[in-house]
Amino acid sequence: MLLRQHNQKKKNTLTDLLPTSKHASVMKTNTRDPYVSLVPIGSKYSKKSRKEKRKPVDSVTDAMHVQGKTATKDEVVEVDGVVIKYTQNNIPEDLYKYWGQRYRYFSLFDYGVYLDREGWYSITPEKIAAHIAKRCRCGVIIDAFTGCGGNAIQFAFTCERVIAIDIDPIKLHCARHNARIYGVEDRIEFILGDYMALAPKLKADVVFLSPPWGGPSYQDAEIFDLKTMIPMDGIHLYNLTRMHITPDIAYYVPRNTDPRQLASLAGSGGICEVEQNYLRNRLKNLTTYYGDLCVAVGDAGADGGEDANMEDWKENMEDWKENIEDWKENIEDWKENINGIEG
Ligand code: MGP
Ligand code: SAH
């Protein structure tokens with residue numbers, strides 16, 4: 001098993017769990033290793049540049065027009081009694097922390113993105129999704145658990161065809177709408193159904209698995225168990241995919257998953273690569289790559305080797321610069337607050 005760390009600033013405890021897998025040789029890497037690429041961090045636009053680059057309300061209205069109706073940025077949208085577009089005013093309290101990250105989920109959020117409740121806490125942040133999509137570049141990819149489309153949209157930019165499956169029609173409604181905002185709706189085939197039942201009939205080059213983790217409480221467990229804590233049994237899910245479709249699997253799992261359990265899926269003597277995905281210095285999740293998606297299998301790595309690393313470094317630098325601008329702005333805000341209190 002190979003461990004890659006993206007934007008790792010401080011040593012993470014998961015690293016300490018690694019070396020004892022009997023299934024595969026363990027290779028620890030850090031950000032200085034040549035094949036460690038960095039997931040660009042942070043929201044696409046800093047607070048300041050967002051103000052400048054964000055499209056005005058008109059563009060949101062345009063997005064809604066495509067749906068055959070008009071809406072303003074602040075309008076709540078419901079389908080079959082389910083809210084699929086919250087606003088600053090009606091977002092439930094337990095979703096506040098996700099609302100604060102809305103531009104990290106979708107840089108085009110203000111174009112009228114749809115996210116239902118589960119969508120809010122399960123969406124893959126855009127930069128992580130874009131990174132995974134680069135690594136999964138292929139002809140046909142299956143996104144087995146599409147949700148509101150965080151990954152499917154990015155796959156549409158790197159793969160020839162995306163088969164996007166979800167068991168919930170409301171999720172597919174949101175995903176299709178969001179794909180339209182990103183201009184990739186026609187590159188994605190949306191299928192409503194149970195992936196577990198569909199899998200034996202499907203063919204693809206790569207399968208991406210981002211199943212439900214049982215809600216945000218996944219963090220309460222010290223170690224997340226793929227077998228018992230993923231509703232459809234995460235071990236069975238992996239084996240089913242490998243047996244019927246392809247060994248080239250990317251598996252998006254909680255950051256508290258035991259890497260040894262992930263390595264054991266590769267089988268005796270097999271290899272896999274566990275990647276830690278960081279966003280603004282916070283470990284968000286792990287993505288494990290199996291089969292030919294593992295860098296150790298290809299010579300330069302699926303994302304293009306050192307050139308791609310250099311590109312990622314450059315993007316990182318830009319993000320850090322934006323962070324500094326954010327901090328400067330915050331300091332100004334604090335100064336104003338302090339002056340207000342003192343005055
Ligand atoms: P999080 O830990 O619930 O939130 O989810 P946050 O605010 O990003 O992290 P924190 O450090 O502030 O607590 C982290 C990421 O995990 C989310 O952005 C999603 O991409 C992913 N995620 C979370 N859940 C509950 C699920 C899930 O059920 N399924 C999938 N596929 N991804 C999830
Ligand atoms: N990666 C997605 C989020 C996935 S959340 C994103 O970035 O938007 C997990 C999704 O799995 C949910 O949308 C849920 O409806 C779907 N799901 C649950 N059980 C399923 C099944 N058996 N087959 C297909 N989809 C399923």
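Trainee: Where does ligand 1 sit?
Mentor: Keep in mind that this is a predicted model. A molecule is placed in a pocket if more than half of its atoms lie within 2 Å of the pocket's grid points. On that test, ligand 1 goes in the largest pocket.

Trainee: Which elements give two or more residues to the shell around ligand 1?
Mentor: The shell is made up of 20 residues, with I123, Y218, Y252, R282 and K284 the closest. Those giving two or more residues are α4 (96-99), α6 (117-122) and β11 (282-290).

Trainee: What lies 2.5 Å from an oxygen atom of ligand 1?
Mentor: A few polar contacts are worth a look here. The side chain of Q101 has an N or O atom 2.9 Å from an oxygen of ligand 1, and a polar backbone atom of Y121 is 3.2 Å from a nitrogen of the ligand. The 2.5 Å distance belongs to a polar side-chain atom of Y218.

Trainee: How much of ligand 1 does the protein bury?
Mentor: Start with the ligand by itself: ligand 1 alone exposes 640 Å². Of that area, the protein buries 95%.

Trainee: Now ligand 2. Which residues come nearest to it?
Mentor: There are 22 residues around ligand 2. By class they split into eight nonpolar, nine polar and five charged. Coming nearest are N151, D166, D194, Y195 and S210.

Trainee: Which side chain has an N or O atom 2.8 Å from a nitrogen atom of ligand 2?
Mentor: Let's take the contacts in turn. A backbone N or O atom of C148 is 3.3 Å from an oxygen of ligand 2, while the S210 side chain puts an N or O atom 2.9 Å from a nitrogen of the ligand. The 2.8 Å contact comes from the side chain of N151.

Trainee: How much of ligand 2 is buried by the protein?
Mentor: Taken alone, ligand 2 exposes 590 Å².

Methods. Residues numbered from 1 in each chain as written. Chains lettered and ligands numbered in written order. Predicted model: local features only at pLDDT ≥ 70, side-chain atom pairs only at ≥ 80, totals over all residues. Heavy atoms only, no water. Near = heavy atom within 4 Å. Polar contact = N/O pair within 3.5 Å; in protein donor to acceptor, adjacent residues only side chain to side chain. Areas by Shrake-Rupley, 256 points an atom, 1.4 Å probe, with all protein chains shown as cover. 1 Å grid on protein atoms, 1.4 Å probe; cavity = no way out; pocket = protein on both sides within 12 Å on 5 of 7 lines; lining within 4 Å. Helix = DSSP H or I, 4+ residues; strand = E, 2+ residues; numbered from the N terminus. Nonpolar A, V, L, I, M, F, W, Y, C, P; charged D, E, K, R; others polar.
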